[in-house]
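Open your viewer and get ready to select residues by number. We will go stop by stop.

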Amino acid sequence: MKFQVEKIREDFPILKEKIYGKDLIYLDNGATTQKPKVVIDKITEHYSKFNANIHRGTHYLSQVSTENYENARKTVQNFINAKNDYEIIFTKGTTDGINLIAYSFGEKFIKENDEIIISAMEHHSNIVPYQVLCQRKKAKLKIIKMDKNGVLILEEMDKLITKNTKLISIIHASNTLGTINPIEKIIKKAHNKNIPVFLDAAQSIQHLEIDVQKLDVDFLVFSGHKIFAPTGIGVLYGKEKFLNKIAPYQSGGDMIKTVTFEKTIYNELPFKFEAGTVNYTGAIAMATAINYIENIGIKNIFNYEKKLLNYATKKLLKIDGLKIYGNSDEKTAVISFNIKNIHHSDIGEILDKLGIAIRTGTHCTEPIMDFFGITGTARASFSFYNTFEEIDKLYEGILKAKKMLS
Ligand code: PLP
């Protein structure tokens, strides 16, 4: 399919909105993405025509609802090329999936003095659950360092691995720096030592083609809301051999086979990990979002966003005193920056009044801020519906902010 941004923009109703009387320029896609009309319509269609709780009813609506939900699982399976549909667990989002593994994998496989390796550029969601686990089990968290360009120093990882290393959990693409990590290499190195790898794909799934079998990754998580689907739905992929060995993270309805007051037998995969009424409407709408972006083509999306990134990087670097954090050769379309002697949140506020939505602060990556010795950054994160004209307006807006604040 030919990539036509103006046509694509027509699919996103919110992009027609005015903010303070100005055209909305939405550059906060790292935080959450906007939703195409097909996704919004899918939610309305589901609640208008098919809604009933899944897996529980013999009646028609419940059967249709269940079928649509299970088809959504197959859509996700095909999207990331998982071997089996039951290796796809629906969660609330990335954080929920990480907590599930940190808890359940941790209970089964982590004991005193064991070690878990993460990296210097993790989102808080891929740090704190492992800190909690390490506290609970008296295990140790080790950190792969990065260099000043925001690139992981892989030789560091080799040095960190010991016979006690039980899991490596890595961000695929950094929400703050944009860095795309060399996960193929990391997975190979880890597997050579029989260490499973967990991938936080929250910032890669919407930009890069991901094939879990080709990568041979053991676990992977992402959030629906960052991939043009609603909030409150996400995915945990796990290899069957691990998911079968670990116990449920939450218990209650739907995750059981039989219950007596004496004993409960857990359900099989994937239901064992889907306690209670799941966000089935979210899952169904997420499948629509996946079909939508597959129709455009993830490669087309990546190539277009790369052009946006290159254009924006060159343009913003023309601004005197502007520094970009994250200068890896392999980047998603994210630019974190500061301007000398100006606070990032002041830039954000002025841009907001011009209708330009960027994010300011630590982006849930305080260790990255500590590394660079800063309190935060301004971050513009792009998606395939953004345009070169919007980047020009961002540039003009930053110049205006700089003039006002200097
Ligand atoms: N990991 C990364 C890399 C992220 O960018 C985010 C959200 O920004 C998360 C994890 C947490 O995602 P969620 O808040 O959807 O659970």
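A residue counts as buried under 20% relative accessible area, as exposed over 50%, and as partly exposed in between. Keep that scale in mind. One more thing before you start: this is a predicted model.

Stop 1: Select Glu-107. Its relative accessible area is 38%, so Glu-107 is partly exposed.

**Stop 2: buried or exposed?** Select Lys-111 and Asp-114. They form a salt bridge, and their closest N and O atoms are 3.4 Å apart. Is Asp-114 buried or exposed? Asp-114 has 1% relative accessibility, so it counts as buried. Next, select Lys-16 and Glu-10. Their side chains meet in a salt bridge too, at 3.9 Å from N to O. Glu-10 has a relative accessible area of 54%, so it is exposed.

**Stop 3: a network.** Select Asp-28, Arg-359 and Arg-379. Salt bridges link these residues in a network. How many salt bridges does the structure hold? The count is 23.

**Stop 4: two domains.** Color residues 5-30 and 297-405 as domain 1. The C-alpha centres of the two domains are 28 Å apart. Where they touch, 35 residues of domain 1 contact 32 residues of domain 2.

**Stop 5: the interface.** The size of an interface is often given as the accessible area lost when the parts come together. Here, domain 1 and domain 2 bury about 2,700 Å² between them, with 61% of it on carbon and sulfur atoms. Select Ile-298, Thr-332 and Ile-368. In domain 1, these residues lose the most area to domain 2, together 22% of what that side buries.

**Stop 6: across the gap between colors.** Select Lys-299 and Glu-209. They form a salt bridge, with the closest N and O atoms 3.6 Å apart. The interface of the two domains has one salt bridge. It also has 16 residue pairs in polar contact.

**Stop 7: the domain 1 side.** Show helix H11 (298-316), strand E14 (334-339) and helix H13 (366-372). Each supplies at least two residues of the side that touches domain 2. H13 gives the largest share, six residues. By type, this side of domain 1 has 17 nonpolar, eleven polar and seven charged residues.

Terms used
Residues numbered from 1 in each chain as written. Predicted model: local features only at pLDDT ≥ 70, side-chain atom pairs only at ≥ 80, totals over all residues. Heavy atoms only, no water. Domains from an automatic or database assignment. Contact = heavy atoms within 4.5 Å. Buried area = accessible area lost by both parts, 1.4 Å probe. Salt bridge = Lys/Arg side-chain N within 4 Å of Asp/Glu carboxyl O. Polar contact = N/O pair within 3.5 Å; in protein donor to acceptor, adjacent residues only side chain to side chain. Helix = DSSP H or I, 4+ residues; strand = E, 2+ residues; numbered from the N terminus. Nonpolar A, V, L, I, M, F, W, Y, C, P; charged D, E, K, R; others polar. Buried < 20%, exposed > 50% of the residue type's maximum accessible area, 1.4 Å probe, protein only.
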